[in-house]
Amino acid sequence: LGVTVNVVNRSGGNGGIALNHVWSRPRDGYAWGGFSETIHPAPVMGAHETTSKDWHWFMAAGAPDVVSVGKDSPYKDLAELVAAAKAAPGTVKAAAGIGGGLHHAKLMALEKGADIRFKTLPFKGSHPSQLAVLSGEADVVVTSVSEQAELIKDGKLRPLAMVEMEPYEFPGLGTIPAAGADYPRVGDLPVRQWLGIALPRGVPDYVLAKVTDAFDQAMASPEIRQLAEDHLLTLYGYHGEEASKIAAEMESAWTWALQDLGLARTSPEAFDIPRPGTPE
């Protein structure tokens with residue numbers, strides 16, 4: 001853009017504080033949201049009233065989730081972990097960040113896909129979830145491979161499988177297999193990490209065009225590519241109809257999963273969010 005962009009962290013309310021601030025500003029293009037996928041459950045969790053259709057999405061990058069154990073864990077692979085969870089449902093202790101968040105959703109996808117049930121331990125974020133495994137408080141952790149990268153490189157965490165449909169090539173370690181290869185229903189909850197920005201609907205077309213052009217230029221820059229490589233992020237560069245479709249699909253699957261588990265404060269129906277598979 002050729003201008004200075006001031007970044008202000010407005011934390012709290014499961015993203016609701018930041019959402020409310022950006023949504024309340026004039027539609028002049030001078031207020032953006034620096035968001036991630038964690039805002040998609042916001043309406044049903046009571047954090048904010050807008051849904052995916054109310055925003056223009058710019059999804060820059062993200063990292064897939066991985067289920068890992070401590071270096072001294074008895075579980076050598078995912079099959080052994082699943083066997084233990086089947087043998088004693090609700091006893092294998094799993095950490096996956098905030099309830100209703102991405103990593104919790106990925107943990108639910110693994111449970112559903114493998115037909116198992118963990119004892120889920122609530123922690124306020126990925127870092128304390130990972131520390132819980134190192135301290136022995138939890139048996140397994142599900143967070144992004146980017147967040148676990150240094151602990152995996154240091155041998156403190158041992159990855160068993162990606163909680164995804166595709167394997168992952170970890171630099172210096174090799175291939176981490178995909179849980180979806182053995183348990184295809186892992187893909188029934190199509191949520192994934194994305195990091196990027198959003199502008200509220202109603203900004204002028206010329207503003208949207210200028211931001212889109214700047215976003216495309218940034219995504220092609222060597223600085224962004226190096227940043228992604230350093231943090232094990234996969235570059236996306238999604239915007240427009242493509243990003244809107246992804247956001248709507250994630251929102252539908254995620255909010256209805258929370259509703260069916262009794263975790264949503266308000267039904268997705270109240271926000272006209274269709275259940276997955278509902279004909280348009």
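Welcome! Select the buried residues of α1 and show what surrounds them: these residues pack against β1 (33–36), β2 (55–62) and β10 (195–200). Keep in mind that you are looking at a predicted model.

**Stop 1: helix α1.** Colour residues 16–24, which form α1. Which residues of this helix are buried? They are Gly16, Ala18, Leu19 and Val22. Now turn the view to look along the helix axis. The four cover an arc of only 160 degrees around that axis, so they sit on the same side of α1.

**Stop 2: the whole chain.** Zoom out and switch to a cartoon view. You can follow nine helices and eleven strands along the protein chain. Its radius of gyration is 19 Å, close to the 19 Å that the globule rule gives for 280 residues, so the chain is as compact as a globular protein of that length. Along the principal axes, the C-alpha trace spans about 60 × 45 × 35 Å.

Next, show the surface. The accessible surface comes to about 14000 Å², and 53% of this area belongs to carbon and sulfur atoms. Of the 280 residues, 50% are buried. If you display contacts between residues at least 6 apart in sequence, 70% of them join residues at least 24 apart.

**Stop 3: lysine 106.** Select residues 102–114 to bring up helix α3, and pick out lysine 106 within α3. Is lysine 106 buried or exposed? Its relative accessibility is 5%, below the 20% cut-off, so lysine 106 counts as buried. Now show what lies around this side chain. Beyond the neighbours within four places in sequence, lysine 106 is in contact with Asp65, Glu164 and Arg192, and also with Val142, Val163 and Val191.

**Stop 4: valine 44.** Move to the loop between β1 and β2, where you will find valine 44. This residue is buried, with a relative accessible area of 0%. What does valine 44 touch, not counting residues up to four places away in sequence? The list is Thr255, Leu258, Ala264, Arg265, Thr266, Ser267, Pro268 and Phe271.

To finish, draw a distance line from valine 44 to arginine 265, between their C-alpha atoms. The two residues are 221 residues apart along the chain, yet these atoms are separated by 5.6 Å.

Technical notes. Residues are numbered from 1 along each chain as its sequence is written. This is a predicted model: local features need pLDDT of at least 70, side-chain atom pairs count only at pLDDT 80 or more; totals for chains, interfaces and linings use all residues. Side-chain values use heavy atoms; hydrogens and water are left out. Helices (H or I, at least four residues) and strands (E, at least two) are DSSP runs, numbered from the N terminus. The radius of gyration is taken over C-alpha atoms; the globule rule is 2.2 Å times the number of residues to the power 0.38. Buried means under 20% relative accessible area, exposed over 50%, partly exposed in between (1.4 Å probe, protein chains only). Contact means heavy atoms within 4.5 Å. Accessible areas come from the Shrake-Rupley method with a 1.4 Å probe; for residues, only the protein chains shown count as cover. The arc is that of the directions from the helix axis to the C-beta atoms.
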